[in-house]
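Biologist: I am new to reading structures. Could you take me closely through one part, the place where the chains meet?

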Amino acid sequence: MKKLYNNTFKEEYYEETLDSGLKVLLFHKKDYVSSTAAIGTPYGALMVNETKDGISYHHNPGIAHFLEHKLFETDDKDIMNDFARIGANVNAFTSYSETVYYFSSNSDIEKPLNMLLDFVYNFDVTEESVEKEKGIIIEELNMYATNPVQRLLNESYKSMYHNFPLKYDIGGNADTVNAISKDELIECYKINYHPSNMVLVISTSQDPYKVMDIVRNNMAEKNFAKESQPVKDNLSEPTEVVNKEYNFNMDVSMNKQIIAYKLVPDFKNSEEAFYRQAALTFLLEACFTPFNPLYQKWLDEGEINDFFGYEVDYTTDYAYVLFYYESDDKEGLMNIIKEGLDLRNIDEDILEQIKRKYIGIGFSNINQLEAFTLDYLKDYLEGMDFFKEIEIIKSITLKDVEKSIEFVDKASVSMINLEKNS
Amino acid sequence: MKYIDYTKEELKKNIDLKVVKTTKYKDINIYFSFMYETDVKGKACLSLIKEIVGNASEGLPTKREMMAKKCMLYGASLDAALTTFSYHNCLSFHYNFVDPKYLDGVTLKDYFDFITDTLFRPLIDKESFKENQKILKNAISRRLDKPAIYAHNRFNQILSSQDERFRMLDADIISELDEITLDDVLKTYSDMIAKSYIEIVLIGDVQDELIENIRALPLNERDSCFIDRDEVKLKNVNYIEESKKTAQTALIMAYKLNGHNIFEGNNYYSILLGNAVLGMLPCSLLFIEVREKRSLCYTIDSRDNKKDGMISVSTLISYKNKDRVIKEIRKQLFRLSLGLYSKDIFNMSKRLLVDSLIQSIDDSDGTYNYLHSRGYYSSESFNDMIDGIEKLTKKDISRLFKGYRHIITYVLKGDEETI
């Protein structure tokens, strides 16, 4: 077990890769009452097509999320209740990039940690329980669909991507959920839940050496054959968007719009994606927040309200920039984007201010045990080091930020309008 | 083990300072809570103050200057929240700063100057009033676009016809926002600073310098009482169904526990645990019976309104399943009241409730929430509260829930063809 120390955050932690291939990271958080452990696989909603050992697989959209639901049941036992009996809260989530299972507990970590490893590495499901789960998942999807902002975002993905699975909701849709079978779930589990493909992150005040022993002993009792890693197959994706304009209606008080810039993800690795994402985020922060004198003018003239902003998401699989606002003027948002970027309101002073803000956010993110554990794990699964992000932020130059404006010329653009029901 | 170690000091009459000194966080959290009684108009004013404070101040008169300052203080944040407690309102401001020992170029004094400027010298003028009036109306309308929130607003509006104290939600404020003036807001702000009960909570590796600065704030003693323990009186409304063009149906059922003073004996703990057994947790009766066994919903939960002795159950469902879900909810509440559920469920709920309470104090907001709510219901310590819950039996829960009475079933019917 290797002991590590991060000097910026003054954090002590340990890491080890077990014989099974499971990577374990253990943070010693001395003053905390509770402990959190999270185990994750880089198997998210984007892994609809994948290859392992030379065999290609295509699965129903939403299957990673379905699998997450079903992992909580085994031999008619309810995992959640087993955790509850020992006073531990267990939960899970599926995102586009990963599936994560985690618990928090105030007692000795041994029991819940063993239970977490046992249920994640023992998938046992019946046809009946798969069928039963479909109703629950479809209600979950309906719930997200009633949220206008969530729906606007999902429609934006659909308008951008022809083939790339970001076009599907994380949970799929009613048809794909109904099409998922027990056999398909087992196949997905076998491909994606091998320990060599997974990471366990633990934050606890308990003795790190004893905690690592618990993990070692538990995993030593399980048998895992050596396996290769699954590889995501990204279908060829045209550079052009699907819809240059798409309109849909909901029962909302005001019309909303997203302008989406679809880009080709030409990043060598996750670090470069993070670097370029941060540089562009800084530029947009300088141009589309009160840093820009035009911002107050836009507010005063009613061109924007508090529902105005942007989002940059650069990964090695996809890259996009979104701007959103709330107005009846369909042309207004594009004019604001042009006006804001034309001003190019960035200099060394503003850059230093923005950098300081993001350094502060880095420190804030480390205080909540559960949130920190999950953030660290997510970053790791996505090829990033949580601690390194702050160093990358510090290293960004004004030249990088200015250069990031090139996204405008490189992108294919889609305009998505959510209109009030008449 | 003592879970929360803190000091409490009365700075002036009705101004309390609570300090939790801990090295576990890398930030310093400072909470100012202002509590006093207002009507709906006053609440609308407070809602605007919540938006305005932190946008601009005498020292930082533009949004740009304010933003630059927050950035220079390493992402210093100021979040405001308004909660209602019967007629009483609590407007709280939460300042979050990175502990300066981890950084270069900032000091505690910089943080304190930022607090005094933003909180005690906010720029409330004609422009900020108009701008935030508009922003707030938009934000409320946007919230009400979500069917679950819209349903809760309608539910409270219906109950407010019987008791004004329910008239405190978004939909009511929107209409009041057009009526209030800049003078109303200025007067409310001035009353808030001069007359309300103030609670200041400091959490982190708090240095004496900061405590001294807080003690020296120019705040006068005040005559303020913020606890209203009159029980709400509600008649049975029975069943109300409305509709909205949306993909799901929202269902809310509310019940009143009769004949018990919630502040007597262990009633407060019993409603907490009873609610946990009914529908707050993944091992709760509603979760097991409605979601897991019958697949009728994804989310279903019950909430306790401790002060008013009320329990409400909310869920999002398909309209075609409405009658089955209503029947199940009734059945589970009936089981709860008679103790017709396993000891295993009772023990699991108790363990999870106790553990989630203990876990909540592992972050600054959770610690603040506990310290803040303590004065309302109980003067007991956190450890006493945990002991109180641990000692409860199934009989305690049945005794409290036995006299429950149905108040209202509210259905916001969705149009399942919408998507």
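Modeller: Here is a walk through the interface of chain A and chain B. This is a predicted model, where local features need pLDDT of at least 70 and side-chain atom pairs count only at pLDDT 80 or more, while totals for chains, interfaces and linings use all residues. Residues are numbered from 1 along each chain as its sequence is written, chains are lettered from A and ligands numbered from 1 in the order in which they are written, and side-chain values use heavy atoms, with hydrogens and water left out.

Let's start with who touches whom: 66 residues of chain A are in contact (heavy atoms within 4.5 Å) with 62 residues of chain B. Together the two chains bury about 5,600 Å², with 55% of it on carbon and sulfur atoms; buried area is the accessible area, taken with a 1.4 Å probe, that two parts lose on being put together, summed over both.

Now for the charged pairs. The rule finds seven salt bridges across this interface, a salt bridge being a side-chain nitrogen of Lys or Arg within 4 Å of a carboxyl oxygen of Asp or Glu. A:Asp306 and B:Arg142 meet through their side chains in a salt bridge, at 3.0 Å from N to O.

Which helix gives the largest share of the side of chain A that touches chain B? Helix 4 of chain A does, with ten residues; helices here are DSSP runs (H or I, at least four residues), numbered from the N terminus.

Notes. Helices (H or I, at least four residues) and strands (E, at least two) are DSSP runs, numbered from the N terminus.
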